[in-house]
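Colleague: I would like a close look at one helix pair in this model, with the terms spelled out as you go.

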Amino acid sequence: MRVRAIAATTTALLAAAALVTLALGARAGGVGGQVTVVAHRGASAYAPENTLPAVDEAARRGFTWVENDVQRTKDGELVVLHDDSLTRTTNAEEVFPGRAPWKVKDFTAAEIARLDAGSWFKPAYAGTRVPTLKEYMRRVEHDHEKLLLEIKSPELYPGIERETVKLLGNEGWLDPWHAGRLVVQSFSAGSLRIVHDLRPGLTTGYLGAPPVAELPAYAGFTDLINPAYGSVSSDYVAAVHACDGPHGRPLGVFTWTVNDAPTARKAASYGVDGIITNEPDLVREALSAL
């Protein structure tokens, strides 16, 4: 029995390692290589950002990867919103007058569920709701997509890393067969260290461009360095690729937010492994011509 258990564990670990490699891709960035296109906040040029229709629209258009942002409500529910305020993408000011500044952390999940998160984008999306992270993940699963999950503003939500990892586990996203379908990223190095310590096998990405001299330190807890496009160059991408991450593979580079063809082609020429974009159709077409 012990031998069988060890064999099963080894098989699972090997499967996880193989799938994490798929999550990062082979070192295939650059002109002529396969660059992963990530639909930023779902297909946010075509449907309200960070909503279930945006997930569905990305799938309909043939995009495998979607990105989202996670905040936490007053009563501890993880919800998918980019801003820490509800005002830009919902009708919170109308529904809850006098509750300024309408911060996510000051509203319960039930209150946020009452809000319209679609009308601001287009009348056809009136009544679209702010999804919980659980709802969002289940839609991603239903649509056979992959998830680049950003823990947003962790300094506002102490303990959000543990809560996020727990929910991922409860939803089955930490098993070996999901390892190639999930990356957790953050602008906070401290937050990513917590995630890595909680779940060392999880693929992580740091949002930013650390100095080259500091890259080996980041490689201890992150698999990807994801800088804004203005911080990217061929030399910087090469320096990132020269470092092996916590899972023994070269670090990858996913750059953001690229929304036009010339910039997409330039980013590809730098050797990036992925491009995060509001305009995935445009970027895919630009890269297909390389």
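Which hand does the crossing of H2 and H5 have?

Modeller: The crossing of H2 and H5 is right-handed, meaning that the near helix is turned clockwise from the far one by less than a right angle. This is a predicted model, in which local features need pLDDT of at least 70, side-chain atom pairs count only at pLDDT 80 or more, and totals for chains, interfaces and linings use all residues. Residues are numbered from 1 along each chain as its sequence is written, and side-chain values use heavy atoms, without hydrogens and water.

Helix H2 covers residues 52-60 and H5 residues 133-142 (helices are DSSP runs of H or I, at least four residues; strands, E, at least two). Their axes lie 10 Å apart at an angle of about 15° (lines fitted to C-alpha atoms over the stretch in contact, angles from 0 to 180 degrees between N-to-C directions). H2 and H5 are therefore roughly parallel (under 35 degrees). H2 contributes Leu 52, Val 55 and Asp 56 to the contact, and H5 contributes Glu 135, Tyr 136, Arg 139 and Val 140 (heavy atoms within 4.5 Å). Four of these residues are nonpolar, three are charged and none is polar (Val, Leu and Tyr count as nonpolar; Asp, Glu and Arg as charged).

Glu 49 sits in the loop between strand E1 (36-39) and H2, and Arg 88 in the loop between strand E3 (78-80) and helix H3 (92-95), so the pair ties together parts 39 residues apart in sequence.

Key. Angles under 35 degrees count as roughly parallel, over 145 as roughly antiparallel, 65 to 115 as roughly perpendicular and the rest as oblique.
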